Amino acid sequence: GGVGTRFWPMSTPERPKQFLALVDSKKTMIESAIDRFSKNFGKHSVWVVSHQNFLPLLRRHAKGVRRSQWLLEPQGKNTAPCIGWAALRLLKQDPEAIMVVSPSDHWISREKYFTGDVRKAVEFVKKNPTALVTFGAKTEGPETGYGYIESAVEGAAVSPVKRFIEKPNLARARRMVREGRYLWNTGLFVWRADAIVEEIKRQLPVVYQGLARLNRRNLAQVYRSFPSISIDHGVLEGSANVYVVKARFQWTDVGSWKSLSEIQKSRA
């Protein structure tokens, strides 16, 4: 989840947006995310990765997740280190584990389609065990706050990724929307745990070496040695095995008051 900078003063570093009931008045965003996966894939399959500072909040809002399946970072280092940590923990339980990685502070609707798309990605990974699958959402306009994915096969349900594009300026965003080959990068992923670990080992050896010796006693020391790097930039952009599922579900990164207002209007 986020770190509490974009929804100030409602969201703060002490209580960022994933712990707020922004979209659903009855549930915080992390509660909605946990429910989404629990009801579709079983509550015991859900893990939470968060920050040690949020332990009191997690006790209130992540009650449905086993405490042994909370991974609490001593400091935020973006997504590559924590995803690698989670993958290694899963491999201890199951050498063929498939993981679905989901931010807890995004809004997803049409959940029937979401479940179907995730299952489609899981089946693809079972048949292609080195594949790294991401989900691309249909562009609704020239959004400059999102990253984009260019698919190699336009319109395909599952396509190799041609390239990732960082958040563009408005002129480039408009051009990409017109061309139609581009999807918004949702930050949702599916892959085998061993596949992402191998990619981290190849592309981010410093992160892999730290994770390989990580334990409860040296957690803070090892984390200090990690670069702050996203899984997209650190791994996916340099991999030849990345595929994109064109999402049928509706997705929004609730990253601004404007996006929240649009969601609330669509639900009215």
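Helices (H or I, at least four residues) and strands (E, at least two) are DSSP runs, numbered from the N terminus. The model is predicted: local features need pLDDT of at least 70, side-chain atom pairs count only at pLDDT 80 or more, and totals for chains, interfaces and linings use all residues. Residues are numbered from 1 along each chain as its sequence is written, and side-chain values use heavy atoms, with hydrogens and water left out.

Stay on Asn78. Its phi is near 65°, a positive value in a residue other than glycine. Asn78 is partly exposed, at 40% relative accessible area. Buried means under 20% relative accessible area, exposed over 50%, and partly exposed in between (1.4 Å probe, protein chains only).

**Helix H3**

Move on to helix H3 (79–93). The 15 residues of H3 should span 21 Å at 1.5 Å a residue, and the end C-alpha atoms are 22 Å apart, which agrees. The expected span is 1.5 Å times one less than the number of residues in the helix. Colour the buried residues of H3, including Cys82, Ile83, Trp85 and Leu90.

**The largest core**

Which residues have the most contacts inside the largest nonpolar core? Select Met99, Trp191, Ile196 and Ile231. This core has 38 residues. A nonpolar core is a set of buried Ala, Val, Leu, Ile, Met, Phe, Trp, Tyr and Cys residues joined through side-chain atoms within 4.5 Å. H3 supplies the largest share of the core, seven residues. Other elements supply at least two residues each, among them strand E3 (98–101), strand E8 (182–192) and helix H6 (193–203). Apart from this core lies another, of 37 residues, including Leu58, Trp70, Val122 and Tyr146.

Centre on Trp191. This residue counts as buried, at 0% relative accessibility. Beyond residues up to four places away in sequence, Trp191 touches residues including Ile83, Met99, Val133, Ile196 and Leu236. Contact means heavy atoms within 4.5 Å.

**Aromatic pairs**

Now show the rings. The structure holds 12 aromatic pairs. Rings of Phe, Tyr and Trp (its six-membered ring) pair if their centres lie within 6.5 Å; planes under 30 degrees apart count as stacked, over 60 as edge-to-face and the rest as tilted.

Select Phe114 and Phe249. Their pair is edge-to-face, 5.1 Å centre to centre with 80° between the planes. Phe114 lies in helix H4 (residues 111–127) and Phe249 in the loop between strand E9 (242–246) and strand E10 (250–253), so the pair ties together parts 135 residues apart in sequence. Phe114 is buried at 1% relative accessibility, and Phe249 is buried at 4%.

A charge sits over a ring if NZ of Lys or CZ of Arg is within 6 Å of the ring centre and within 35 degrees of the ring normal. Lys112 lies over the face of Tyr113, at 5.4 Å.

**Last stops**

Select Arg110, in the loop between strand E4 (106–109) and H4. Its phi is near 55°, again positive in a residue other than glycine.

Finish at Ser151, in strand E6 (residues 148–151). Is Ser151 buried or exposed? Ser151 is buried, at 7% relative accessible area.
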